[in-house]
Amino acid sequence: MKIKRLKVESFRLNLFVILCLMVFFSCKQDYVPKPEGFLRIETGKHDYSLSETKIYSFNLSDKAILENSSETKKENWFNIVYPEWNAKIYCSYLNITPKTFANAIEDSHKFVYKHAVKADAINDSVYLNPATKVYGMLYDIKGNVASPVQFFLTDSCQHFFRGSLYFEEVPNNDSLSPIIEYIRQDIIEIMESFRWKNK
């Protein structure tokens, strides 16, 4: 019995020494945390259906819904909501004259360049469609900004339509970039399909 007890105690002692050595040698390296990762976001394909008001029409993404703007009761002011991604395109419409046209453009530029403090870059693209009298500008605002994409459309004499994409969460361009790109394509579809009524 003594021999068996000695063997068991010897085995336990050896196991204890091995474990101590493993802990001692494994702790020699500095700990380096892994970088934070992001979930892969599947956005799917783009499908559209026609959306109309009394003044204009455009193609709306099937992933989005229209909601009346809670900030104002003005007609033709609404939000394009992406509930899946907690995102909204705030849309506003102004009836302009040739005299107020310059003010509408200037206000639109101010809204974009308010983000210049946090933006890495602001890129703009001109949109022209003389056949439908739809002219506009698309702004890509790079970096961790509140509104990564903004745009406006006008006929330059009577109508002015503006949209700004916002997320209802802290901006993080790395994790949101697939969604931003997806909604940006939807905004381009809005611009290209936009038509004024009674033109």
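**Entry 1. Glu 169**

I began with Glu 169, which is partly exposed at a relative accessible area of 41%. I note that the model is a predicted one. I located Glu 169 in the loop between β9 (159-167) and α3. I then asked which residues Glu 169 contacts once its neighbours within four places in sequence are left aside. The search returned Trp 85, Asn 86 and Leu 176. For Trp 85 I also looked up the separation from Glu 169: 84 residues in sequence, and 9.9 Å in space from C-alpha to C-alpha.

**Entry 2. Aromatic pairs**

I turned to the aromatic rings next. A pair of rings is described by the distance of the centres and the angle of the planes. My count came to 16 aromatic pairs. I looked up Phe 58 and Phe 194 and found their ring centres 6.1 Å apart, with the planes at 5°. Planes under 30 degrees apart count as stacked, so I logged this pair as stacked.

Where do the two residues lie? I found Phe 58 in strand β2 (residues 56-61) and Phe 194 in the loop between α3 (173-193) and β10 (195-196). The pair therefore ties together parts that are 136 residues apart in sequence. I checked burial as well: Phe 58 is buried, with a relative accessible area of 0%, and Phe 194 is buried with a value of 0%.

I then looked up Trp 85 and Tyr 182. Their ring centres are 5.2 Å apart and their planes stand at 70°, so I logged the pair as edge-to-face. I placed Trp 85 in the loop between β4 (78-82) and β5 (87-95), and Tyr 182 in helix α3. This pair links distant parts of the chain, 97 residues apart. Trp 85 is buried at 8% relative accessible area, and Tyr 182 counts as buried at 3%.

**Entry 3. Aromatic cluster**

I listed the members of one aromatic cluster: Tyr 56, Phe 58, Phe 78, Tyr 93, Phe 151, Phe 161, Phe 194 and Trp 196. The stacked pair from the previous entry, Phe 58 and Phe 194, is included in this cluster.

**Entry 4. Cysteines**

How many disulfides does a search of the whole structure find? I got zero. A disulfide is a covalent bond between the sulfur atoms of two cysteines. I looked up the accessibility of Cys 91 and Cys 157. Cys 91 is buried, with a relative accessible area of 4%, whereas Cys 157 counts as partly exposed at 35%.

Methods: Residues numbered from 1 in each chain as written. Predicted model: local features only at pLDDT ≥ 70, side-chain atom pairs only at ≥ 80, totals over all residues. Heavy atoms only, no water. Phe/Tyr/Trp six-rings, centres within 6.5 Å; stacked < 30°, edge-to-face > 60°. Helix = DSSP H or I, 4+ residues; strand = E, 2+ residues; numbered from the N terminus. Buried < 20%, exposed > 50% of the residue type's maximum accessible area, 1.4 Å probe, protein only. Disulfide = S-S within 2.5 Å. Contact = heavy atoms within 4.5 Å.
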